[in-house]
Amino acid sequence: MGGKIPQITVADGPSGLRIVKERAEDGSETAYPAAAYPAISLLANTWNRAAAAEMGECLADECLEKGVDILLAPGVNIKRHPLNGRNFEYFSEDPVLAGEMAKAYIGGLQGGGVGACLKHFCCNNLEYDRLNQSSEVDERTLRELYYLPFEIACEAQPVSLMCSYNRINGTFGAEYAKGFALLRGEFGFRGAIVSDWSAVRDRTASAAAGLDLEMPFNGENYRKLCEDYRRGALSDAALDACAQRVLDLVYRCKEMRQGKKPARTDKERRAAARRIAAEGMVLLKNNGVLPLQAGGSAALSGCYARPDTCGMLRGGGSSAVNRGEEKFDLPARLAERGTEVRFEGAFRYDEVESFGQSARRAALLAAECDCSIVCVGLGEKFEREGADRETARLPAVQERAILESAKSNPNTVVVVFAGSYIDMSAWEEKAAAILFAGYPGTGGDDALADILVGKVNPSGKLSETFPRCLADVPAADGRCVSAGVTRYTEGLGVGYRCFSTNDVPVLFPFGHGLSYSAFAYSDLSASAEGGALHISFAVENASERVGAETVQVYVRECVPLVSRPDRELKDFAKAEIAAGKRKRFSFFARSARVRALVGVKGLLGSVGRRLRGSDRFVGAGYPPALQTLYKKRRNSFALKRFI
């Protein structure tokens, strides 16, 4: 072939375009300003494939404008451990939710002309010693939990996939031949496999395993590869296969990009970021204080309400987006919507223990207003690539600020800015309402204000379980990590699979999220014919307010041949339902897994909802005995009905 090979450019994601502008001598980097989109953890809380696709489309537009061919995103690693420093970059503890949302995100990105890079394959579930440690996982758990989101996401045919740093059962991610063969065989992946930055230890071994491209270029590794090839340690066939896949990657990216132009203006993309953020915010608790009363007064406290650095509202590392001069100003946004706001910073981002004069003034203000809103959270200081969180709790000064506010005013609303689970046990009972705002990105202050005043009806659902305490999480057992080895002894017992199966109470369950509307489930039917499953039911908006509801379908085998979790998510859907109207949801599946379940008639469909913080179940047509059973299962959001 004559001529030059085209060049392609890659850039960091997944929640905004990060192109490095300059690097300092100390290794720190400065990126060009860009629009920030909601963190992947917040996007996952939308449970909306269309929102994921739209975010991918918007990012494609950004990439087209900046000459980027591949966005290094998204990540689908399972949230096995609540303290993983990069949980804010990942979708869920559940492989189906993670895989489906990633598939939609990739579809939107690549449909817009920009390639995706699915990552990190696989079992990169902690940042601790990630360059060396080995994730020791049995084959069944790999298949059902850790491979599955990659398998689902590969249905969107991402142009590339990134290996992880860690070892998998002793083999470095860059040399994981077994996994690479599975990707290209059973999962139908046709793209190129690239390394995480400087993840290659032995270029010859990684090339033989099927890793196509080392990033970044390493002169020493290249020379060693040439030497190994000359002495016959690497075959022509293996080398040619890698080279061909890199060429295919380059030409596929150029072909994908051909004729593509940004479909949205910068203003339209920022509006989309705001809508997605609002849809992903989760109302965890509400005693009726929200939405705020029109014309009322609110004592607003906490430096997160008016942060002095964008690092307070994002995780740290390669995904950190430079928001430039854009400001987040919740006091101003609430004032624009007719709320009388009295603001006090209360504490600083870098404070941990001290409780100063500003915090005391905030408590006094709380007593003088109709309600008090305390904004707390984490940020890149606490959640970041390369390190795990030291604790699941907020800094002590923030917890005290919440408690002092609640003491002064029982109508205390807590707004949490974080990328993953927070231990709320010290203050949850004292709060009148809790809104998990996540890391919302551009326009996040408008999105949050709209929910607080009721202009937007909250519809987010948790994509991870919030346990009562870290000790309830099997993976958090320190005995599982030693001498460079992490033993996945809990097997399938990750997240809700563990808690529901073992009847472990949780603070807020997976899939939980309240609304200003109330929804009633009814008319559940299920049938199995010819190895296929059909489930159908109706959902009524039993309120006077339009709202969106996410329905979640779980199954279990009643007579399993091997140990299985009490419930497993198999599908989900989200729809807006007008006040007083009904919508029918239907799910149809033909997968081999479903056929196995149908074969033993051990299928369980689960519907239901904890409404507005109570255990009340609205579901006409269900037998009283089953409604009683639901009420007894305080920590289950789903009523189980045997088919």
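In this predicted model, helix H2 passes helix H3 in a right-handed crossing. Two packed helices are described by the angle between their axes and the distance between the axes. Here the axes of H2 (residues 49–66) and H3 (residues 95–111) cross at roughly 35° and come within 6 Å. On the H2 side, the contact is made by Arg49, Ala52, Ala53, Met55, Gly56, Glu57, Leu59 and Ala60; H3 answers with Glu100, Met101, Ala104, Tyr105, Gly108 and Leu109. Sorted by type, the residues of this contact come out as 9 nonpolar, 2 polar and 3 charged.

Turning to the strands, E15 (residues 412–417) is largely enclosed by the rest of the structure, because 6 of its 6 residues are buried, that is, under 20% relative accessible area. In a regular strand the side chains alternate between the two faces of the sheet. In E15, Thr412, Val414 and Val416 point one way, while Val413, Val415 and Phe417 point the other way, and both sets are buried.

E15 has parallel partners in E14 and E16. Strand E14 (residues 371–377) is joined to E15 by 6 bridges, with isoleucine 373 standing opposite valine 413 of E15. To get from E14 to E15, the chain goes through helix H13 (residues 396–408), and this β-α-β crossover is right-handed. As for E16 (residues 433–436), 4 bridges link this strand to E15, and isoleucine 434 in E16 sits opposite valine 414. Both of the E15 valines named in these pairings, Val413 and Val414, are buried, and they point opposite ways from the strand.

Methods:
Residues numbered from 1 in each chain as written. Predicted model: local features only at pLDDT ≥ 70, side-chain atom pairs only at ≥ 80, totals over all residues. Heavy atoms only, no water. Axes fitted to C-alpha atoms, helices over the stretch in contact; angles between N-to-C directions. Helix = DSSP H or I, 4+ residues; strand = E, 2+ residues; numbered from the N terminus. Left-handed = near helix turned anticlockwise from the far one by under 90°. Contact = heavy atoms within 4.5 Å. Nonpolar A, V, L, I, M, F, W, Y, C, P; charged D, E, K, R; others polar. Buried < 20%, exposed > 50% of the residue type's maximum accessible area, 1.4 Å probe, protein only. Pairing = 2+ DSSP bridges. Right-handed = clockwise from strand over helix to strand, strands pointing away.
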